[in-house]
Amino acid sequence: MARDNERPVRRRTLTRDKVIDAALAVVDEHGWEQLTMSTLATRVGVTGASLYNHVRGLDDVRSEVQIRTMAALGDRLREEAMGRSGIDGLRKLIAAYRSWTVENHRHYRALTTAPIDRAALMAAALDANTALRAVLVSYGVPEEDSLDTAVALFAAVHGFAMIEGTGFLGDDMDLDHIFETVVDGALSAIAPSPSHD
């Protein structure tokens with residue numbers, strides 16, 4: 001018997017939003033590579049041709065998955081950044097990022113694949129970017145350096161998030177300790193201005 005979240009969407013009630021919701025579910029359960037028009041049609045219970053009444057094609061679907069995933073990450077980071085500043089705020093934000101990537105590792109993989117629509121994805125990244133840059137500035141990073149610093153910090157933490165999400169490191173290592181080592185190394189390269197010492 002199918003679980004509730006696996007029941008096909010009735011054709012007459014199918015909408016673009018429901019197609020994208022189904023695509024997110026496919027990614028969550030099976031991974032980004034398994035998101036095809038065929039698997040999506042099966043998921044919602046229609047023929048592949050019928051999907052084109054709601055979406056323009058696979059790139060359209062994949063773009064929306066990336067955009068919604070980025071928006072969800074941005075929401076999480078914005079909530080975490082509220083009222084936080086300095087080094088403690090930065091560490092909390094980084095920890096929230098890691099937590100989100102672990103909870104949503106297949107969506108995160110989809111998010112960090114080459115963007116289908118870079119402009120739309122960057123617009124969706126505004127919340128995450130704004131939250132991180134604000135906390136970096138509160139830590140002492142000059143505003144004009146905050147974007148480059150945010151990207152560099154993302155790159156360091158992203159590397160860990162990717163290998164943790166795949167299970168490559170297994171269960172025998174102290175992942176929390178390794179993560180803290182990565183974060184400490186990344187933060188050591190960020191020099192606060194003298195007024196924030």
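Which residue forms a salt bridge with Arg91, and how far apart are the closest N and O atoms? I looked this up in what is a predicted model, and I found that the partner is Asp184, with the closest N and O atoms 2.6 Å apart.

Next entry, on Arg98. I found its side chain in a salt bridge with that of Glu164, at 2.9 Å from N to O. Glu164 lies in helix H9 (residues 146-166) and Arg98 in helix H5, so I recorded a pair that ties together parts 66 residues apart in sequence. Both Glu164 and Arg98 are buried.

I also found that the side chain of Arg98 meets that of Asp176 in a salt bridge, again listed at 2.9 Å from N to O. Because Arg98 is in helix H5 and Asp176 in helix H10, this pair ties together parts that are 78 residues apart in sequence. I checked the accessibilities here as well: Arg98 has 12% and counts as buried, since the cut-off is under 20%, whereas Asp176, at 46%, counts as partly exposed.

Last entry, on the wider tally. I noted that the structure holds 16 salt bridges, and that Arg16, Arg56, Asp60 and Glu64 are linked in a network of such bridges.

Conventions:
Residues are numbered from 1 along each chain as its sequence is written. This is a predicted model: local features need pLDDT of at least 70, side-chain atom pairs count only at pLDDT 80 or more; totals for chains, interfaces and linings use all residues. Side-chain values use heavy atoms; hydrogens and water are left out. A salt bridge is a side-chain nitrogen of Lys or Arg within 4 Å of a carboxyl oxygen of Asp or Glu. Helices (H or I, at least four residues) and strands (E, at least two) are DSSP runs, numbered from the N terminus. Buried means under 20% relative accessible area, exposed over 50%, partly exposed in between (1.4 Å probe, protein chains only).
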